[in-house]
Amino acid sequence: YRRYREVGMTPVQTNKKIYDAFDDADNGRIFTLRKEGKLVSSFRIHVADEPTSEIPSRKIFAEILEPLLAEGKTMIDPTRFVVDTLASRRNPELTAFTVRLAPMASIYHGVDLGLGCVQAKHRAFYKRSFGFSIFCEPRPYPGLINPVCLMGGTIDMIKDSYFHRYPYMSLRAGEGDRLFGTGMTENILQFPGKR
């Protein structure tokens, strides 16, 4: 909530929290990254692996995503990506370390598509980093001030773009099970900091 307020993404909330029903969905997880015990970033990731899968992006881009889901396409829908301002100034690599979760989840789950609901000003990053295309121009997103556009790409594009460009970001042996496996009860990662 604090980070969303800093960048003008959400109106003032008396409870100082951002929450929706997707936070508790069975097909989603909220990942938190901590450095020295302090929360420094977070990312929410949902997996759509059947036509009835409910994911946040489907609520606002239904006419684009529902036909793909009906065809049997599977997808990763990452949302609520935030990084603490002070922590990212001290550790510029923190953003990359956090955003890495989305392509890793795409590889682990073997999905057809990776998605991104992003502000227009961030489109170039997603195109450059993941090879994403724009699926839909910006629309209002419930609870947010700034509209978001829908971007996405195939798993092969993500591999060719992201993992080819950043091979050190690849999913390591056993890492996928630890992060995305069914036995996970806590989704907390310790940020290693500079090496």
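1. Asp 84 sits in the loop between β3 (75-83) and α4 (85-90); helices (H or I, at least four residues) and strands (E, at least two) are DSSP runs, numbered from the N terminus. A quick word on the basis: this is a predicted model, where local features need pLDDT of at least 70 and side-chain atom pairs count only at pLDDT 80 or more, while totals for chains, interfaces and linings use all residues. Residues are numbered from 1 along each chain as its sequence is written, and side-chain values use heavy atoms, with hydrogens and water left out.

2. Asp 84 is buried, at a relative accessible area of 12% (buried means under 20% relative accessible area, with a 1.4 Å probe and protein chains only). A polar atom of the Asp 84 side chain lies 3.3 Å from the backbone nitrogen of Leu 86. Leaving aside residues up to four places away in sequence, Asp 84 touches Arg 2, Lys 38 and Val 40 (contact means heavy atoms within 4.5 Å).

3. Now for the strand before that loop. In β3, 8 of the 9 residues are buried, so the rest of the structure largely encloses this strand. Strand β2 (residues 38-48) runs antiparallel to β3, joined by 7 bridges, and Val 47 has Ile 76 as its bridge partner. With β4 (residues 113-118), β3 pairs in the parallel sense over 2 bridges; pairing requires that DSSP finds at least two bridges between two strands. Ile 76 stands opposite Gly 114 in β4.

4. Finally, helix α7 (residues 123-130) has Tyr 126, Ser 129 and Phe 130 buried. What covers the buried residues of α7 includes β3 and β4. Gly 131 follows α7, with a positive phi near 75°.

Terms used: Buried means under 20% relative accessible area, exposed over 50%, partly exposed in between (1.4 Å probe, protein chains only). A polar contact is a pair of N or O atoms within 3.5 Å; within protein, one must be able to donate a hydrogen and the other to accept it, and residues adjacent in sequence count only if both atoms are side-chain atoms.
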